[in-house]
Amino acid sequence: MFKQAIKLLLILFLLLGAIPVNAAEKEEKAWQDEIAYYVVVDRFNNGNPKNDGGDLDFEDPTAYHGGDIEGIIKKIEYIHEMGFTSIILSPIFDKENNANEVKTLDEHAGTVEDIKQLVEEAHKLEMNILLDYGEIDQNLTKTATWWMKETDVDGYYFEQVDSIDVSVWKDFHKDLKGLKEDYYLVGSMESDNSNVRSTYIENGFDSILNQTFYEETANVFANVDQPFQPISEVVSQSSQELSTYVDNDRTMRFTRHAIENNQHPGVRLKMAFSYLYTIPGTPIVYYGSEIAVDGGEPPANRPLMNFQSDEELIDYLGKLSIVRKTFPALTKGDYEVLYEKDGMIIFKRSYQEESLIVAINNTTETQKVKIPASDIADNKKLEGLLTGDTFEMENNEFEFILDREIAEVYEIKEKTGLNIPFISVFIIVPVLFILFLILAYRRGKKKS
């Protein structure tokens, strides 16, 4: 009976909390609403040792380490619980048969049936699966079309897309869109020219990686007391269609940067992710960053995943994901800096009638900052969504007080009036719970 009561309460909580999310789900599917997790298949999880063969070599960073598609299937709930909505798989095709009309799967990765099952399990969780295509060849459209038809994957990720003329991508996009209307096309570029990026986005790509953002990330977040201005300027000048990241397959791990600065990687990543998840652009998290995996330049940046690590950072990512998904202002809103100085930043994200305030104290001391109410909202209060910090306007201004190395996302709310969610949780739910217990008791007496 107790378990049934708990289930009832959980359902009520979910119904109460689902109202703003459902409203957002009615809008058209867009990459900027996604939160992506890039998996290096070989280094993630060994789900089927039978496909290992005799090629395992953990000492060689370029050798096979045992991960496969089945291993991802077995850990898909782990990825989903952190709030990720899309999974990008590293190249899984046989390098020796790269130019065939139908690319051959690497025997260590698994089978086509494994890919189908992964996509099916992902779709049950309303997640997408994208394939990192690997080397771009002359049979690009044929092979990509075949894999989409055969496995129902949700899109592709390509490296160095500007190595091919944009007209090729325009035709590629047209062919695949005819096959799957809402598929995703994401890529990286050698050029960091914003006009060039825009051209490729206009001709089929949903997003291009924001390389300039990455270059500033380590400078700002891998240490404390660093000015936000360089990275904030990049964000202000970047379009919503870009994807942001703190490290990836081609870079040294963010954790290594923090260690070189004698900083705690977990705390540094918390600060970096707080910014990553609250600015314009789609976050792409490289596998293992949620446990502060260390690694130098490639291929040393791809160690085996460790699922026995501290869950503090994992839980924090989950919180950030919930906040990002709940408020469209964080995925579609503008970006307005209200304050920035020596490692402390306060900015506003607004979309339609919704506004949020984000404050990040990336310094070694508690910070106190006063912002005029006219820059935020008159006669309102700010309610923290991560730490629960809540305060009201006083003397026509808001005073932000943040401890060192803390971030908070504030919802702007009315100062007075009935708080319906509060009443629902603390009054209606207990009453329903009591009624449930009474009914259960009466039914028990009738049976006896």
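Leaving aside neighbours within four places in sequence, which residues is Tyr275 in contact with? I found Phe213, Phe221, Phe228, Ile231, Ser232, Val235, Tyr335, Phe347 and Ile360, where contact means heavy atoms within 4.5 Å.

**Ground rules.** This is a predicted model, so I note that local features need pLDDT of at least 70 and side-chain atom pairs count only at pLDDT 80 or more, while totals for chains, interfaces and linings use all residues. Residues are numbered from 1 along each chain as its sequence is written, and side-chain values use heavy atoms, with hydrogens and water left out.

**Whole chain.** I counted 16 helices and 16 strands; these are DSSP runs numbered from the N terminus, with helices (H or I) of at least four residues and strands (E) of at least two. Of the 448 residues, 50% are buried, taking buried as under 20% relative accessible area, exposed as over 50% and partly exposed as in between (1.4 Å probe, protein chains only). Among contacts with a separation of 6 or more, 70% join residues 24 or more positions apart.

**Cores.** The largest nonpolar core has 105 residues; such a core is a set of buried Ala, Val, Leu, Ile, Met, Phe, Trp, Tyr and Cys residues joined through side-chain atoms within 4.5 Å. Tyr275 is among the members that touch the most others, along with Tyr37, Ile69, Leu89, Tyr156, Phe172 and Phe273. A second, separate core holds 18 residues, including Ile346, Ile371, Phe398 and Ile412. In soluble globular proteins, nonpolar side chains tend to be buried together.

**Strand S15.** I followed Phe398 into S15 (residues 397-402), where the side chains alternate. S15 pairs with strand S12 (residues 367-372) in the antiparallel sense over 6 bridges, pairing being at least two DSSP bridges between strands. Ile371 has Phe398 as its bridge partner.

**Helix H10.** Which residues of H10 (residues 211-221) are buried? They are Phe213, Tyr214, Thr217, Ala218, Val220 and Phe221. These buried residues pack against helix H11 (229-237), strand S7 (242-244), helix H12 (254-260) and helix H13 (265-276).

**Tyr78.** I looked at Tyr78 in helix H5 (residues 76-81). Tyr78 counts as buried because its relative accessibility is 18%. Tyr78 and Phe307 are 229 residues apart in sequence, yet 9.5 Å apart in space, C-alpha to C-alpha. Not counting residues up to four places away in sequence, Tyr78 touches Tyr37, Phe44, Glu290, Ile291, Met305, Phe307 and Ile314.

**Cavities.** How many cavities of 30 Å³ or more does a search of the whole structure find? The search finds 2. On a 1 Å grid over the protein atoms alone, a cavity is a set of points where a 1.4 Å probe fits but cannot get out, and a pocket is an open set with protein on both sides within 12 Å along at least five of seven lines; lining residues have an atom within 4 Å of a point. Points are joined across faces, edges and corners, and a volume is the space filled by probe spheres set on them.

The largest cavity has about 100 Å³ of space, and its lining includes Tyr38, Tyr157, Glu159 and Asp247. The second largest cavity has about 50 Å³, with Phe213 and Val235 among its lining residues. Its lining divides into 5 nonpolar, 5 polar and no charged residues, where Ala, Val, Leu, Ile, Met, Phe, Trp, Tyr, Cys and Pro count as nonpolar, Asp, Glu, Lys and Arg as charged, and the others, Gly among them, as polar.

**Second largest pocket.** I noted about 1000 Å³ of space here. The lining has 33 residues, with Ser90, Pro91, Phe93, Lys95 and Asp106 nearest the centre. By class there are 13 nonpolar, 6 polar and 14 charged.

**Backbone.** Most residues other than glycine have a negative phi, and most peptide bonds are trans. A cis peptide bond joins Pro298 and Pro299, with omega about 5°. Asp152 has a positive phi of about 65° and sits in the loop between helix H7 (140-151) and strand S4 (155-158).
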